[in-house]
Amino acid sequence: MRKIAMWLVKGYQRFISPLLPASCRYYPTCSTYMIQALAKHGLIKGLIMGVARIIRCNPFVKGGLDPVPDFFTLRRNPDPQKNLDESAQFDFHR
């Protein structure tokens, strides 16, 4: 099921996202965040984290760096630099 969810998000990235104007407030984008959360935390927690991130992404937030944390949370990553340093060995942009 997790792979199906990831496949659906990748389909969105490939076919729907290019048709929409760029409006990402966070890095990584919400769709990339969803894929990373699914890979790191599994189907249920990954989906919950991804949906929470989409809800956080609105015109009233500053945005910025917000990688997927190592622990399950619905809030913005409290220590983005730590998790970014640990994930620097992976190329998530493919």
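# A walk through a predicted chain

Keep in mind as you look around that the whole model is predicted. Is Phe71 buried, exposed or something in between? Its relative accessible area is 43%, and because buried means under 20% and exposed over 50%, Phe71 counts as partly exposed. Phe71 also shows how a chain folds back on itself: Lys40 is 31 residues away from Phe71 in sequence, yet their C-alpha atoms are 9.1 Å apart in space.

Now step back to the whole chain. You can find four helices and two strands in it, and from the N terminus on they follow the order α-β-α-α-β-α. The chain has 94 residues, and 33% of them count as buried. What about contacts between residues at least 6 apart in sequence? Of these, 53% join residues at least 24 apart.

With 15 residues at 1.5 Å a residue, H1 should span 21 Å, and its end C-alpha atoms are 20 Å apart, which agrees. Which residues of H1 are buried? They are Ala5, Met6 and Val9. Viewed down the axis of H1, these buried residues fall within an arc of 100°, so they line one face of the helix. The other side of H1 carries the exposed residues Lys3, Trp7, Leu8, Arg14 and Phe15. As for the buried residues of H1, their packing partners are H2 and H3.

Leaving aside residues up to four places away in sequence, Leu38 touches Arg2, Ala5, Met6, Leu43, Gly46 and Leu47.

Gly46 leads us on to helix H3, where it is one of the buried residues, along with Met49, Gly50, Ala52, Arg53 and Arg56. These residues cover an arc of only 160° around the axis, which puts them on the same side of H3. They pack against strand E1 (26-27) and helix H2 (30-41). On the face of H3 turned away from the buried side, you will find Ile44 and Ile55 exposed. The length of this helix can be checked too: its 14 residues (43-56) should span 20 Å at 1.5 Å a residue, and the end C-alpha atoms are 20 Å apart, which agrees.

Between E1 and H2 there is a loop, and Pro28 has its place there. Look at the peptide bond joining Tyr27 and Pro28: this bond is cis, with omega at about 0°.

Finally, let us look at empty space. Where such space is left can be shown by rolling a probe the size of a water molecule over the atoms. The second largest pocket holds about 400 Å³ of space. Its lining is made of 19 residues, and those nearest the centre are Tyr12, Ser17, Cys24, Cys30 and Ser31. H1, H2 and H3 are the elements that give two or more residues to this lining.

Methods: Residues numbered from 1 in each chain as written. Predicted model: local features only at pLDDT ≥ 70, side-chain atom pairs only at ≥ 80, totals over all residues. Heavy atoms only, no water. Expected span 1.5 Å × (residues − 1). Buried < 20%, exposed > 50% of the residue type's maximum accessible area, 1.4 Å probe, protein only. Arc of directions from axis to C-beta. Contact = heavy atoms within 4.5 Å. 1 Å grid on protein atoms, 1.4 Å probe; cavity = no way out; pocket = protein on both sides within 12 Å on 5 of 7 lines; lining within 4 Å. Points joined across faces, edges and corners; volume = space filled by probe spheres on them.
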